[in-house]
Amino acid sequence: TDISTHILDQRMRSPVYNASGVMCRETTELEAVRHSDAGALVSKSCTLEARDGNPEPRYAATPFGSINSMGLPNHGYRYYLDYAAHYDYTDKPLFISISGLSLADNLHMLDAFQRLKRPLLPEVNLSCPNVPGKPQLGYSFDDMATALTAIHAAMDIPFGVKLPPYFDISHFEMAAEIFNRFERLKFLTCINSIGNGLVVDTDSETVLIKPKNGLGGIGGDYVLPTALANVNTFYRLCPDKQIIGCGGIGAGEQVFQHILCGASAVQVGTRLWEEGAGLFTRLNQELVAIMQRKGYQCLADFRGKLCTL
Ligand SMILES: C=Cc1c(C(=O)O)[nH]c(=O)[nH]c1=O
């Protein structure tokens with residue numbers, strides 16, 4: 001049973017890896033993912049300068065997932081640039097998440113990464129919901145089109161975007177029309193957390209996290225139907241791009257479902273935060289078991305083959 005996959009021309013022995021933001025801010029964390037059974041790794045979204053992020057508590061696990069308002073804590077892009085400069089790309093693909101506070105910052109960082117002349121894969125984050133005062137690009141179609149036009153003009157290497165969840169068919173169509181303008185935009189990672197949820201503790205009658213009156217991005221089981229809808233809809237609307245699925249993955253079954261909906265690879269956030277890097281070994285084993293039960297030899301046997309009624 002072969003669970004390998006490719007993003008562009010880069011082979012992954014497993015289709016599963018971390019979601020940006022989880023187990024990827026420190027080089028020690030990136031190395032833990034690299035030494036695990038994950039098929040790739042992605043770094044924490046970076047900004048021009050290092051950031052402490054929002055006051056704690058800023059992450060909480062809940063019965064069916066998680067809520068976070070980290071506030072983009074990271075060491076600044078040079079830290080991840082150094083990791084990318086020395087990385088051994090023959091091992092597993094390295095994705096670099098970029099989340100500048102301005103288009104100029106994004107262009108500056110992306111240029112620095114492409115000048116490394118290394119096969120890293122930039123994932124431009126259009127969907128951070130937790131930087132106070134910064135509306136996320138993914139929900140402003142004109143601003144997103146402007147930013148992607150400038151990024152595409154500046155980028156010689158292929159890149160991807162990390163997208164927020166969309167919920168309205170016309171929004172799917174408008175977003176896809178924008179993405180399809182850009183040939184070197186090669187992958188779409190769907191979805192980021194569902195922004196600005198609120199989790200309340202009944203006993204204390206209090207929110208769980210400190211920033212933003214307790215509002216934060218929702219992940220985990222709660223978001224699986226939305227994640228699958230975004231994966232499958234962009235899979236159908238953007239046939240020249242690969243889709244990376246993210247959202248609601250806790251077992252091999254959800255890995256299978258994301259791939260069935262069209263994903264070429266999948267990322268795990270909440271479940272990885274809660275379980276640790278051994279998760280990847282478990283997910284790979286569970287995916288193999290499902291494939292064997294169904295008689296599939298490889299991921300292409302079922303990728304994108306979701307049946308409709
Ligand atoms: C990059 C900021 C993000 C953050 C964060 O750092 O607060 N949390 C998310 O759930 N998604 C993000 O994209």
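This is a predicted model: local features need pLDDT of at least 70, side-chain atom pairs count only at pLDDT 80 or more; totals for chains, interfaces and linings use all residues.
Residues are numbered from 1 along each chain as its sequence is written, and side-chain values use heavy atoms, with hydrogens and water left out.

Let me turn to confidence and overall form. The average pLDDT of the chain is 98, and 100% of the residues score at least 70; pLDDT is the predictor's confidence in each residue, from 0 to 100. For the complex, the predictor gives an ipTM of 0.99 and a pTM of 0.99. The chain contains 9 helices and 16 strands, where helices (H or I, at least four residues) and strands (E, at least two) are DSSP runs numbered from the N terminus. Its C-alpha trace spans about 55 × 50 × 40 Å along the principal axes.

I come now to the helix pairs. Two packed helices are described by the angle between their axes and the distance between the axes.

How do α5 and α6 cross, at what angle and within what distance? Helix α5 (residues 169–179) and helix α6 (residues 224–237) have axes that come within 10 Å and cross at roughly 50 degrees, and the two are therefore oblique to each other. On the α5 side the contact (heavy atoms within 4.5 Å) involves F172, E173, A175, A176 and F179, and on the α6 side A229, N230, T233, F234 and L237. These residues divide into 7 nonpolar, 2 polar and 1 charged. Here Ala, Val, Leu, Ile, Met, Phe, Trp, Tyr, Cys and Pro count as nonpolar, Asp, Glu, Lys and Arg as charged, and the others, Gly among them, as polar.

Helix α6 also meets helix α7 (residues 252–260): their axes come within 9 Å and cross at roughly 30 degrees, which makes α6 roughly parallel to α7. L224, A227, L228 and V231 of α6 face Q254, Q257 and H258 of α7, a set of 4 nonpolar, 3 polar and no charged residues.

The axes of α3 (residues 103–114) and α4 (residues 141–154) come within 10 Å and cross at roughly 25 degrees, so α3 is roughly parallel to α4. This crossing is right-handed. L103, L107, L110 and Q114 of α3 touch A147, A150, I151 and A154 of α4, giving 7 nonpolar, 1 polar and no charged.

Finally, the backbone. Most residues other than glycine have a negative phi, and most peptide bonds are trans. The bond from E56 to P57 is cis, with omega near 0 degrees, and P57 lies in the loop between β4 (41–42) and β5 (59–62). C190 and I191 are also joined by a cis peptide bond, with omega about 5 degrees; I191 is in the loop between β10 (185–190) and β11 (194–198). M23, although not a glycine, has a positive phi of about 55 degrees, and is placed in the loop between β3 (16–18) and α1 (27–34).

Key: Axes are lines fitted to C-alpha atoms, for helices over the stretch in contact, and angles run from 0 to 180 degrees between N-to-C directions. Angles under 35 degrees count as roughly parallel, over 145 as roughly antiparallel, 65 to 115 as roughly perpendicular and the rest as oblique. A crossing is left-handed if the near helix is turned anticlockwise from the far one by less than a right angle, and right-handed if clockwise.
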